[in-house]
Amino acid sequence: MVLYKSIFKRKGKKIAVLIDPGKLSVNSLKKVVKASQSGNVDFFLAGGSIISQNIDFTIDVIRDNSDLPVVLFPGSIYQLSEKADAILLLSLISGRNPDFLIGNHVIAAPFLKKSSLEVISSGYILIDGGNKTSVEYMSNTKPVPSDKSDIVTATAIAGEMLGLSSIYLEAGSGAKFPVKENLISDVKRNTDIPLIVGGGIRDTETLERICRAGADITVAGTVFENNVELIRRFSDIVHGF
Ligand code: 1GP
């Protein structure tokens with residue numbers, strides 16, 4: 001399995017906290033960051049669909065309150081920053097929108113090449129989570145229906161064959177339902193690259209099921225916005241595997 005220095009500092013499963021600069025006030029951002037630091041999470045994913053706060057500013061606030069790695073999770077090329085440690089270079093392989101498959105990557109490539117950011121490519125697979133999410137709307141792509149494990153798995157295999165170095169199963173931030181366990185286990189059985197799962201994880205039982213099904217890295221954000229105490233509980237569960 002490929003190991004990335006920014007996020008695989010220790011063995012075992014990982015948990016990332018999503019910091020969406022478009023959603024959090026500076027005060028809530030500080031609270032989430034401090035709770036993540038003391039809660040022993042592995043890294044932050046920073047980015048989102050819209051911009052109401054500059055990404056450099058967001059990373060400055062994170063750095064002032066934590067020494068955890070910051071990985072960019074850009075919804076667009078406007079969310080690039082040399083202040084981060086790494087970037088999850090997402091190719092939206094469940095969609096058929098060329099801009100999100102390769103177009104934006106071409107625009108960003110020279111900048112990324114010159115920067116000191118660690119580039120972690122990821123096959124981003126959007127799966128129907130029961131409601132229309134921002135990713136679906138903003139990317140103008142359709143999610144894979146949640147009962148089509150064969151399509152999700154084939155997409156993940158194709159992503160690995162194309163050389164992408166991780167797979168991200170995404171139900172979308174605020175999804176009604178998280179990614180189903182059978183999809184996670186089918187993808188895990190058929191690929192050999194790190195598997196990231198996120199979207200709609202709101203409780204510890206769901207988190208446990210997702211880890212047990214085979215997620216190497218779980219991502220959550222929305223649930224912590226009004227409940228930072230949950231960060232440590234989530235982190236303990238993931239690290240207990
Ligand atoms: C990251 O989109 C997720 O994959 C985060 O989703 O905000 O629903 O936790 P939530």
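This is a predicted model: local features need pLDDT of at least 70, side-chain atom pairs count only at pLDDT 80 or more; totals for chains, interfaces and linings use all residues.
Figure 1. N140 belongs to the loop between α4 and α5 (149–161). Its phi is near 55 degrees, which is a positive value in a residue other than glycine.

**Figure 2. N40, a partly exposed residue in another loop.** N40 sits in the loop between α1 (26–38) and β2 (43–46), and N40 too is not a glycine although its phi is positive, at about 65 degrees. With a relative accessible area of 37%, N40 is described as partly exposed, because this value falls between the limits of 20% for buried and 50% for exposed.

**Figure 3. E136, a buried residue in helix α4.** Helix α4 comprises residues 134–139, and E136 is one of them. The relative accessibility of E136 is 15%, so E136 counts as buried. When residues up to four places away in sequence are not counted, E136 touches L126, N131, T141 and P143.

Figure 4. The loop between α3 (98–114) and β5 (118–126) holds S115, which is buried at 10% relative accessibility. From this position, the side chain of S115 reaches the backbone nitrogen of L117, at a distance of 3.1 Å.

Figure 5. At the start of α7, a side-chain oxygen of D203 reaches to within 3.2 Å of the backbone nitrogen of E205. The buried residues of the helix are T204, T206, L207, I210, C211 and A213. An α-helix has 3.6 residues a turn, so residues three or four places apart point the same way. The buried residues of α7 are covered by elements that include α6 (181–190), β7, β8 and α8 (230–239). After the helix comes G214, which has a positive phi near 130 degrees.

Figure 6. G200 is placed in the loop that runs between β7 (195–198) and α7 (204–213), and G200 counts as buried because its relative accessibility is 11%, which is under the limit of 20%. Leaving aside neighbours within four places in sequence, G200 is in contact with G172, G174, A175 and P178. The view also takes in E170, which is 30 residues away from G200 along the chain, while the C-alpha atoms of the two residues are separated by 9.1 Å.

**Figure 7. The ligand and the residues around it.** The space taken by the ligand is the largest pocket. Around the ligand there are 13 residues, of which Y168, S173, G174, G200 and T222 come nearest. Two strands, β6 (167–170) and β8 (217–220), each supply at least two residues of this shell.

Figure 8. An oxygen atom of the ligand is found 2.6 Å from an N or O atom in the side chain of S173.

Note on methods:
Residues are numbered from 1 along each chain as its sequence is written. Side-chain values use heavy atoms; hydrogens and water are left out. Helices (H or I, at least four residues) and strands (E, at least two) are DSSP runs, numbered from the N terminus. Buried means under 20% relative accessible area, exposed over 50%, partly exposed in between (1.4 Å probe, protein chains only). Contact means heavy atoms within 4.5 Å. A polar contact is a pair of N or O atoms within 3.5 Å; within protein, one must be able to donate a hydrogen and the other to accept it, and residues adjacent in sequence count only if both atoms are side-chain atoms. A residue is near a molecule or strand if one of its heavy atoms lies within 4 Å of it. On a 1 Å grid over the protein atoms alone, a cavity is a set of points where a 1.4 Å probe fits but cannot get out, and a pocket is an open set with protein on both sides within 12 Å along at least five of seven lines; lining residues have an atom within 4 Å of a point. A molecule sits in a cavity or pocket if more than half of its atoms lie within 2 Å of its grid points.
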